[in-house]
Amino acid sequence: MYLRHLSLTNFRNFARLDVEVPPGVILLVGANAQGKTSLLEAVYFLATFVSFHADSDRQLINFFASKEPLAVARIVADFYRREGVRGGSSHRLEVRIIQEANGFNGVRVRKEILLDGVERKMSEAVGQFNAVLFQPQTLRVIEGAPEERRRYLNLTLAQVIPHYAATLSEYSRALAQRNALLKHLNEHGGDLNQLTYWDEVLAFSGARLIHARIQAIQELERLAASVHSRLTRGHEVLRLSYEPAYDPLSQPVKQLSLPMDAPLDRSGITLEKIQQGFQESLERLRMEEIGRGVTTIGPHRDDLRFLSNGIDLGIYGSRGQARTAMLSLKLAEVAWMKEKTGQWPVLLLDEVLAELDTQRRADLLASLEECEQALLTTTDLEAFSQAFVQRATLWRLQSGFLEGGCGGSCKRDG
């Protein structure tokens, strides 16, 4: 899979960009605040329909365009999917972020997604185009709060696992309804059996999220451990420790808990068993959760820990260790998506060589040879070897134009 053409209109600081995108490695070079990261953000938005920077879609609309009563930011991409050894198919994906008047002095922002000219729901369109992103802020997945890791899992799995995005939406809606009911029962009392329906809905969708995460994390761990061993010259062993808030792998009574670095194999647990156990746990915890007014177990409270040689990198790891682990995971994502979909995702690397030593830079760049298309940003071309630069397509963002990609057709604001 690779991009053939990318067009941006009123997206971030770009008023207009229209560029043919070649396969292979593209080096996007320029000083800070020239729009390099915004370009990667647009490509990743096509895969996930959420921004890795903005808190809301409204922030993606060009600042000057957003001052008008009606403003539309557009991302249009033509991409190619390989199908078998001889052929493939071309597709067009378009996202419109529309800001419009809504009542008296109010505005609303909505999204429209079109695949090959047909409007689709987000849950239907996600996964049509795949991308893997690494940027400095990605280290928050390891070093930040659990919600960062859950967000990472959801964005990654939704691209590959059919119906994951729709199941996640169903779970979130049921969770909100159940929490509202718990709060009502806490404040006003009532029939506890009102929870039965929402317990069933939550267990049905939640079990599917847990089951998908168990399988995906195990597969990603296998691939990431191999990459990590290569990047660390075999000195470190990387493990991904999935910590579900509802753990279907129950421990016998009076058995001591295993240490976190002890591998736990949940892959043999059936979906039916997870659903049944989750629903029973919800029923057992009813009185406690009514007292708290919230649902205390389920995939909305899952966590994922990263361990190197048994050390939790989120607590005790160095910045360099965390960066190497995250790079290993991202390269594992690329291979995992290829295994699951048959397509190489587009790899997006934002200032990826910062804080890496010479050997790890060389190992990382060598790993890019397998990718069908990779876009890398940098402020310093000297960080790359001359041979690597010669093999890559070079684009320069400077003074409002993308040089080397489309010349004067890439005007931007700012």
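The largest nonpolar core has 118 residues, and those with the most contacts inside it are L6, F129, L347, L348, L376 and F384. A nonpolar core is a set of buried Ala, Val, Leu, Ile, Met, Phe, Trp, Tyr and Cys residues joined through side-chain atoms within 4.5 Å; buried means under 20% relative accessible area with a 1.4 Å probe, protein chains only. Helix α6 provides the largest share of this core, 15 residues. Apart from this core lies another, of 5 residues, among them L181, L182, L185 and L195.

The model is predicted: local features need pLDDT of at least 70 and side-chain atom pairs pLDDT 80 or more, whereas totals for chains, interfaces and linings use all residues. Residues are numbered from 1 along each chain as its sequence is written, and side-chain values use heavy atoms, without hydrogens and water.

An open sheet is formed by 6 strands in the order β2-β1-β4-β5-β6-β7, with antiparallel pairing; strands pair if DSSP finds at least two bridges between them. Helices (H or I, at least four residues) and strands (E, at least two) are DSSP runs, numbered from the N terminus. β2 and β7 stand at the edges with a single partner strand each, so one side of each lacks a neighbour in the sheet.

| Edge strand | Residues |
|---|---|
| β2 | 14–20 |
| β7 | 118–120 |

β5 (residues 87–101) and β6 (residues 107–115) pair over 9 bridges, and R96 stands opposite E112 in β6.

R233, whose phi is positive, near 60°, follows α6.

Key:
Buried < 20%, exposed > 50% of the residue type's maximum accessible area, 1.4 Å probe, protein only.
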